Amino acid sequence: MVAAVRRGASQRSVAIQFGVALRTVQRWVERAKGRRLDRVDWSGLPPVPKRTRRTDPVIEQRVLTIRRWLKDCSALGEYGAAAIRREMEVREIEPCPTIPTIGRILQRRGVLDGRKRTRRPPPPQGWYLPDVAAKKVELDSFDTIEGLAIRGGPHLAVLTGVSLDGGLVAAWPARSVSAKSTLDALVEHWREVGLPGYVQFDNDNRFTGPRQYPDAVGRVIRMCLSLGVTPVFAVPTEHGFQAAIESFNGRWQAKVWSRFEHRSLRGLKTRSAKYIAAARSRAAARIESAPSRRPFSKRWRLNLQKHPQGKIIYIRRTNDKGRINLLGHTFAVDRHWLHRLVRAEVDLDAAQLRVFAERRREPTDQPLLKELPYTLPEKRFKE
């Protein structure tokens, strides 16, 4: 390589010819600079000494003895490498190893108390829903961004959405987000892109319905069930389940809201629409490879008075007595499954509540913990 460079070839062409990185050619040319090729040391070994010195076994044993004494008898109770070094200096032990050397002695002798954290692979996306984890159906997540204020203008809110596998994003800036506006936005969105298998929300009243009343099923849930989309409600104050939509919320605020100065709601909608179109264009391949969506029926009409049919899923964590709260009721699940995640499926057609165990460490093992009778009372929906 060096000979080729000295004959006039460029370093980049030599690197391509020999199939190495440009930096490799530059390193060898620099090493041979100003010398004949037969007098250059071409060995690639790192400059380390051929012989290394190991701490005297007597010193190593003193380190272990002092560590044992510090652990059992010292008033301070510290017995790490720094504490051992201080004690050896007090006792005027020579030679006195450095703190890194003492640490290596403790590690070599196997007396360190610290345990290395076990790194486990993360569960697949949507692991708590078997059909979603297996990529058989798509899951859409929706959330709200609130507290946005235009200077000298009104406070605004944004309804946002993103699909889990496809990354299909959506956003609807408005003066406020209500259950009715959410319903209209979802219908508009699904007419355009098709229906997912599941739709996930947090526990906002606008999505669940008025939680101050037991057995309350809001208009958003009724609309989803009438379209054959299973609503899923993530566990409150639990990390991970809303990661996709929260990540998109952050991106929308950084790329749309904070990036420009907005003088009106109309201008914000225009900026947001441009961003959504660009984001969908960039994720076109991912959207295309996501699980297929069902077409939106042209004959569909919403009847809020019709008794809901289908399933509602709640991801919850049991309390210290193995119970969960949902739909204004407390259900006993398992007194041995305390402070653990569960998937509660309210089957309105079968009038049953099925509760499954959920574990991130074993995402494919979701045994049935309890099956309870539950019937949603038939009562008129107050529009």
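Start with strand β2, residues 155-163: 8 of its 9 residues are buried. Buried means under 20% relative accessible area, exposed means over 50%, and partly exposed lies in between (1.4 Å probe, protein chains only). Strands (E, at least two residues) and helices (H or I, at least four) are DSSP runs, numbered from the N terminus.

A word on the model. This is a predicted model, where local features need pLDDT of at least 70, side-chain atom pairs count only at pLDDT 80 or more, and totals for chains, interfaces and linings use all residues. Residues are numbered from 1 along each chain as its sequence is written, and side-chain values use heavy atoms, with hydrogens and water left out.

**The strands beside β2**

Select β1, residues 139-149. β1 pairs with β2 in the antiparallel sense, over 8 bridges. Two strands count as paired if DSSP finds at least two bridges between them. Find Asp140: serine 163 in β2 stands opposite. Now go to the turn. The β1-β2 hairpin has 5 residues between its strands, and glycine 152 there has a positive phi of about 75 degrees.

Next, select β3, residues 169-174. β2 and β3 are also antiparallel partners, with 6 bridges. Valine 162 has valine 169 in β3 as its bridge partner. This pair is a hairpin too, with 5 residues between the strands. In its turn, glycine 167 has a positive phi of about 70 degrees.

**Into helix α6**

Jump to isoleucine 105 in helix α6, residues 99-108. Is isoleucine 105 buried or exposed? Isoleucine 105 is buried, because its relative accessible area is 0%.

**The positive patch**

Select Arg251, Lys255, Arg259, Arg271, Lys274, Arg282 and Arg286; together they form a positive surface patch. Patch residues have over 30% relative accessible area and no salt bridge, with like charges joined within 9 Å. A salt bridge is a side-chain nitrogen of Lys or Arg within 4 Å of a carboxyl oxygen of Asp or Glu.

Which helix gives the most to the patch? That is α12, with 3 residues. α11 (243-257) and α12 (265-282) each supply at least two. Zoom in on lysine 274, in α12. Lysine 274 counts as exposed because its relative accessible area is 56%.

**Last stop: a loop**

Finish at arginine 335, in the loop between β8 (329-332) and β9 (341-347). Arginine 335 counts as exposed, at 64% relative accessibility. Leucine 129 is 206 residues away in sequence and 24 Å away in space, C-alpha to C-alpha.

Technical notes
Patches are made of residues with over 30% relative accessible area and no salt bridge: like charges are joined within 9 Å, nonpolar side chains (Val, Leu, Ile, Met, Phe, Trp, Tyr) within 5 Å. Accessible areas come from the Shrake-Rupley method with a 1.4 Å probe; for residues, only the protein chains shown count as cover. Lys and Arg count as positive and Asp and Glu as negative; His and the chain ends are not counted. The place of a charge is taken as NZ of Lys, CZ of Arg, CG of Asp or CD of Glu.
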